[in-house]
Amino acid sequence: MLTANKPITCKAAVAWEVNKPFTIETVEVAPPKKGEVRVKMYSSGVCHSDLHDLEGIDPNYPFPGVFGHEGAGRIESGGEGVTSVQPGDVVVLLFESYCGDCDYCKGSSTHKCLKTRRDGLQQDGTSRITCKGQTLSQMNSISTFSEYTVCSEFNVAKVNPSANPHDLCLAGCCIPTGYGAAVNVAKVTQGSSCAVWGLGGVGMCAVMGCRNSGASMVIGIDTNSRKFQLGKEFGCTDFLNPNEVENVPEKLAEMTGGGVDFCIVAVGSVQIMEQAFLSSHPAWGKTVVIGLVNKGVTMKAGVWELIMGRQLLGTFYGSYKTRLGIPMLVDKVLKGEIQLQKLISHRLPLDRINEGFQMLTTGESLRTIIDFDLKE
């Protein structure tokens, strides 16, 4: 290709400092080094995780940087030694790598990879994106809010070539995080009762996971009752607005005959996490926490409640070994088992990214994606 082995100048959304809007800048994206790939981005999701970091959830976050951790595109070029993907392949970018060789990847105890960096840099400790002579960090080592990006080949999953990369970004975070919370972590069983707190994109994916696992009751819980009709289309059988009842755990015990079998929390609130734990069945209920809060914050879980049978679990990335699990999820999308199109409420060009985050904070959007081919 004409651009192979050469720097590419393109547009990216840059976060210069905490709590400041993104600015659209011209950046330079270096060629991929050994074991790396350069990706032409087609879509990127507007996710709460980006907003959390922008607002300072992690005091050590390396500003300035190019955010974005949920994206899809095609391989533009590969560095030395790359054999798992080729130019033109449709890929989903992964914020947790999978090398297939480290003890974590080869083991069954975790889905994490020892080669994943967590400092916004590539595996050699440097970045591939610069702007105005300044090196920019790369969120989760991938930076999907850029027209082109570079990452390790371990941070991309080659997927079915018939999948549309303009829609596929949600397979990089939203879908696995929510769907995996139900099928991999909660391990929802046939005929069980489930409750999902937060009917945003991740929550709706958890609803689909519960539905596809055979749950007989899926209760969607949200303070915005306007989401309930769409929740039915994803698989909710019942709904609860917590603002309309005096005691949520008591109401859910009444609805389920003693307590919910599986509670999934897709909301970043300790109070709601504790509420969900107390809503689970006291003898066997499982509560799975997805939502993020500030680092160092803790929640209460009574020792006696745990001893008597309640379980409290967390999940990161839906507990998928990424390069193995994400292609299977894309196949479910293509088969219609996961309703990707219904998750997308808004499409915006890159230069309207701040508008997308505003809709996220107001609850106006279910899931907004940045389509890099959209123009004003």
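Colleague: Which residues line the largest cavity?

Modeller: Phe95, Ser97, Lys115, Thr116, Arg117, Gln122, Gln123, Asn140, Ser141, Ser152 and Asn155 line the largest cavity. The model is predicted, so local features need pLDDT of at least 70 and side-chain atom pairs pLDDT 80 or more, while totals for chains, interfaces and linings use all residues. Residues are numbered from 1 along each chain as its sequence is written, and side-chain values use heavy atoms, without hydrogens or water.

Colleague: How is such a space found, and what volume does the largest cavity have?

Modeller: Rolling a probe the size of a water molecule over the atoms shows where empty space is left. On a 1 Å grid over the protein atoms alone, a cavity is a set of points where a 1.4 Å probe fits but cannot get out; a lining residue has an atom within 4 Å of a point. Points are joined across faces, edges and corners, and the volume is the space filled by probe spheres set on them. Here the structure holds 1 cavity of 30 Å³ or more. The largest cavity has about 60 Å³ of space.

Colleague: What classes of residue make up the lining of the largest cavity?

Modeller: There are 1 nonpolar, 8 polar and 2 charged residues. Ala, Val, Leu, Ile, Met, Phe, Trp, Tyr, Cys and Pro count as nonpolar; Asp, Glu, Lys and Arg as charged; the others, Gly among them, as polar.

Colleague: Which residues line the second largest pocket?

Modeller: A pocket is an open set of points with protein on both sides within 12 Å along at least five of seven lines. Asn19, Lys20, Pro21, Leu51, Leu54, Glu55, Asn354, Phe357, Gln358 and Thr361 line the second largest pocket. The elements that give two or more residues to this lining are α1 (48–54) and α11 (353–362). The largest share, 4 residues, comes from α11. Helices (H or I, at least four residues) and strands (E, at least two) are DSSP runs, numbered from the N terminus. The second largest pocket holds about 150 Å³ of space. Its lining divides into 4 nonpolar, 4 polar and 2 charged residues.

Colleague: How many aromatic pairs are there in the whole structure?

Modeller: A pair of aromatic rings is described by the distance of the centres and the angle of the planes. Rings of Phe, Tyr and Trp (its six-membered ring) pair if their centres lie within 6.5 Å; planes under 30 degrees apart are stacked, over 60 edge-to-face, the rest tilted. The search finds 11 aromatic pairs. Take Phe22 and Phe67: their centres are 5.5 Å apart and their planes at 75 degrees, so the pair is edge-to-face. The pair links distant parts of the chain, 45 residues apart. Phe22 is in the loop between β1 (8–15) and β2 (23–29), and Phe67 in the loop between β4 (65–66) and β5 (71–78). Ring pairs also link Phe22, Tyr61, Phe63, Phe67, Phe145 and Phe357 into a cluster.

Colleague: Is Phe22 buried or exposed?

Modeller: Buried means under 20% relative accessible area, exposed over 50%, partly exposed in between (1.4 Å probe, protein chains only). Phe22 counts as buried because its relative accessibility is 4%. Phe67, at 0%, is also buried. Now look at Asn243, in the loop between β13 (238–240) and α6 (248–256). Asn243 is at 61%, so it counts as exposed. Gln311, in strand β16 (residues 311–314), is partly exposed at 35%.

Colleague: Which residues lie over the face of Tyr42?

Modeller: A charge sits over a ring if NZ of Lys or CZ of Arg is within 6 Å of the ring centre and within 35 degrees of the ring normal. Lys40 lies over the face of Tyr42, at 5.7 Å from the ring centre. Arg74 does too, at 6.0 Å.
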